[in-house]
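Welcome! Please take a moment to look over the sequence and the 3D structure before reading on.

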Amino acid sequence: MPHKRRRHKRPGPASAHGAADLARLTEETSYQTLLAAFPIIFFTTDVNGVILLSEGRGLDALGLHPGQLIGVSVFDVYGHLPDGLAALRAALDGNPATSVDHVAGRTLETRLTPLRDGDGLIAGVAGMSLDVTTRIETEQRLLHVNRLYAVLSRVGEMVVRINDRQHLFETVCRIAFEQGGFRLAWIGLVDDETRLVHPVAASGAATAYLQHINISARNEPAGNGPTGRAIREGQPVICNDIEADVQTLPWRAHTTQHMLRSSAAFPLLVHGHVIGALNLYAGVTNFFDAQEIALSERVASVLSFALEKLEEEQRRRQAEQIRQLDVERQDALLRLAEMNTANEREIVDYALEEAVRLTRSRIGYLHFIHEDQVSLQLFTWSRGVREECYAEETTHYPLEQAGVWVDCVRLRQPVFHNDYQNLPNRRGYPDGHIHLLRHLSVPLIDGDRVVAVTGVGNKTDPYDDTDARQLLLFMNGMWSMLQRKRAEAALRESDMRYRRITEHALDIIYRYRFYPTAGFEYVSPSVTGITGYSPEDHYADPALGFKLVHPADREKLEQLAHNDASYAIPLELRWVRRDGSELWVEQRNVPVYDADGRLIAIEGIARDITERKLAEEALRTERALLETRVGERTRELQQERDRTRAILEALGEAVMVVDLNDQVQYVNPAATALTGIALEALPVSWNQWLQRQTDAYEALARMRMAVRAGHTWNDSLVLVRGDGIAYDADMNAAPLFSPDHPGQPIGFVSVHHDITTMKVAERMKDQFVSNVSHELRSPTSLITMLAGSFEMLYPRLDDERRLEVIGDIRKHARDLSDLIGGVLEISRIDGGRVATDRQALDLALLAQEEVEALAPAAQRKRLALTIHAPGNVPVFGQAGQLRQVIRNLLTNAIKYTPEQGSIRCIATILTVDAGRLLPPGDAWPGCARLPEGSWAALCIRDSGIGIDPADLPHIFERFYRARTQTDIPGTGLGLSIAWELVRLHGGHLDVHSTPGTGSAFAFYLPIAREVPQ
């Protein structure tokens, strides 16, 4: 049976007995709850080691259960534990002892203290056993996590310094093995075509393991291990028991041989693409916990970041090479464009030699494809081919009979042959042909037709996409130039045909020349009917086209000559006819440039759009009016919305808007703070919030039904906040109606007002009134009873007895007066009616004066009342209030200290510094909780009856009387008043007490220089 703790009974009326029983029951419940919360057992033995008492939750894993041990010898329980047996013997010899033993895979820590009787002889042992397995495992885990942080830090240093990818891989693996404590660390890269994973770097005691395994990233047995899945899924994959995981069966024999028990694979991503994985192995199971995984994932992330930077640097170098080649290509194209007088053969020969140079090749060729797309014709070889090739030249080839060098035509894309001699489908070439080592060919495509094939060969390095790009761009530029020359000839041929068409057009078609002399080259006859001016008038006056434009629009026309981009935009201008009337014209102009890029002419079409413009103007006027009205209404709505939002966001009440689909559409900041629903997360289901309200669920469901029926609703409920804490709420709800169908609800608005503070205040007020009524009733009843007895028995009492009764009445009257005074003081403090004037004071001097004033009371009990104040203790405060605090503490010390005891008052300046040890807590209670700095401190220490530890948490509560004080007069308000006054001065009051030894009350105030003036 658990040990029954004895309680002191407090005399008083029946109601007092009920309160005391309730307090004892509450204390016993708290005590048992505390014992049941931890894996711990307390026990006491007699001098022979027989267990007399056992309490606590017990240590089930070790077979130690409270209650079952009573009457058992402690040596039978702990005798088989080496450290435990030695500790028991030491404790029974009078020496406190501690033992640590390992039992059934758990770690047991036992602390033993000898118990002595009144004569100081050993009466038994008090012991406590605690299961500390979890604490030790946590400490060991912390050590390993620190090693992982070291790995992360070291890897971070290395990625900044290392510029070679392979060196980076090897360094990361070595750091993971040497500093991370892994048995094996390796990095594998996946082949994008075969999806096989190849180890590229490894370090550890089990690197030989990698020589015997095959790993894939496909969804197959060889790809379902941690490495393959991490690469395939792009997520870390953890296996904390390799032998028990069926997915690791293909590698089971080798992992067992190399003592690999746990593994983790982390994908390596470069610009979002998984290229491989970092793999870590441990020699124990269940090695990778959440923190281990998070830190290892950060190592993989740092490595991925470094790989991205290395790839970006490589791309930068490649881009620089491409930029240089682009510059050279542009220069070559510029020179090609300057070959105005060259024929087609000269242009192609020059372009082919430049293509060979730009691709760093030795040879090149160009074949044109016939329009039938069936055969091709050799047009030219580069100079290098002509110098070295002696084979008979064939100028025509059917495409289907040509070899691999025309694969680019069949595939319509560049084709690389970087190992030409070993191509499996190569047909060979005739005797005397130049020897090919490497070959690149590209098709020239015009529209959807391949017009030519050009190729280069025998570059020193392999051909790549850069070479294909340069060759394709340059030869396309050459083809464009050929096309332009062919087009110019075709243009001349079609010029007459064009003129015949324009003669019959309704719009004005024109060509205006800028070079070599300005003027109209052509104006269609329709200009006469539109403007009244004939084509001949335009030919005669080069400026007539400008003069036709309305003066207000001429600036638009002038800008056309200075901005090439404006040619792509139709130009709308007002023209003035010969008769002076105005018309609107839409011009579409096309610039004409010569081979040098110089603007030499403008070709265009002008269309009369006067009727359209008049219609547009009318429409624009109507639209402007409509936009004005819409804008005004929009501003009104915007202002109304802003006002409503400002009101909602400023409200202290929580506001929620919910639609009929139970989706929360809006919450104001107060609602977010109260319910945990963020505005950014909307919409969310109302049911998610509703289901948390266990006690109020049915009431809220009725509320929802009411507002859906179009009714308002109000009630006070206990709801649950977003953080899980319950609060009192006054809740109102009102339906929202459809603007299109009045009376039809589309949702509702709920307003929550947190009234927890008001409810707590009401409960505190009720408790306070109850306490005051109870405390006032006792002395009033006693005075009434004594006065009545005195009146009835007065004739039969002698003078001595009469004086005793009068003394009792006066005593209870003083108690009643003290109680009323204390209640009034508490009322003033709660109402903020205490004096707030502050002045510089010497706390030591105030204490000295109070000690002197109370010295007679101490002398009557033969108490040694002394004060120690080595110097001035400056504070800022209200003298009367601080005197009251000191007086209450000294009065209590005198009251609860037996005769011939001692009371010492100490006033000093106490410095709190985190860099050095503070005074012991029993010397200056509560000093460890003070912020750093200097504090005015006063401590009153007595050798009185002390306070039970169970009473200490409540000692400053109003009307609370400790059980050791029930037979000593008091109101239970003195300490609570002292605590409130110290708090009002920005200070702190605390206590340390040992039953039968004494108590120490200390309070701390900011020193004067720290208090604002």
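The short report below visits a helix, a group of paired strands and a loop residue.

## Helix 5

Keep in mind that this is a predicted model. Helix 5 covers residues 165–178 and makes a handy check on geometry.

Several residues of helix 5 are buried, including Leu-168, Phe-169, Val-172 and Ile-175. Thr-171, Cys-173 and Ala-176 in helix 5 are buried too.

## Strand 33 and its partners

Strand 33 (residues 933–942) is mostly covered, with eight of its ten residues buried. Strand 33 runs antiparallel to strand 32 (residues 902–912), and ten bridges join the two. Strand 33 is also antiparallel to strand 35 (residues 998–1006), this time through seven bridges.

Leu-938 lets you follow both pairings: this residue of strand 33 is the bridge partner of Ala-907, and Leu-938 also stands opposite Phe-1003 in strand 35.

## Asn-668 in its loop

Asn-668 sits in the loop between strand 24 (663–667) and helix 18 (669–675). Is Asn-668 buried or exposed? Its relative accessible area is 0%, therefore Asn-668 counts as buried, the cut-off being under 20%.

Beyond residues up to four places away in sequence, Asn-668 touches Leu-648, Leu-651, Glu-653, Ala-654 and Val-655. Leu-651 is 17 residues from Asn-668 along the chain, and their C-alpha atoms are separated by 8.2 Å. With Val-655 there is a polar feature to inspect: its backbone nitrogen lies 2.9 Å from a polar atom of the Asn-668 side chain.

Note on methods
Residues are numbered from 1 along each chain as its sequence is written. This is a predicted model: local features need pLDDT of at least 70, side-chain atom pairs count only at pLDDT 80 or more; totals for chains, interfaces and linings use all residues. Side-chain values use heavy atoms; hydrogens and water are left out. Helices (H or I, at least four residues) and strands (E, at least two) are DSSP runs, numbered from the N terminus. The expected span of a helix is 1.5 Å times one less than its number of residues. Buried means under 20% relative accessible area, exposed over 50%, partly exposed in between (1.4 Å probe, protein chains only). Two strands pair if DSSP finds at least two bridges between them. Contact means heavy atoms within 4.5 Å. A polar contact is a pair of N or O atoms within 3.5 Å; within protein, one must be able to donate a hydrogen and the other to accept it, and residues adjacent in sequence count only if both atoms are side-chain atoms.
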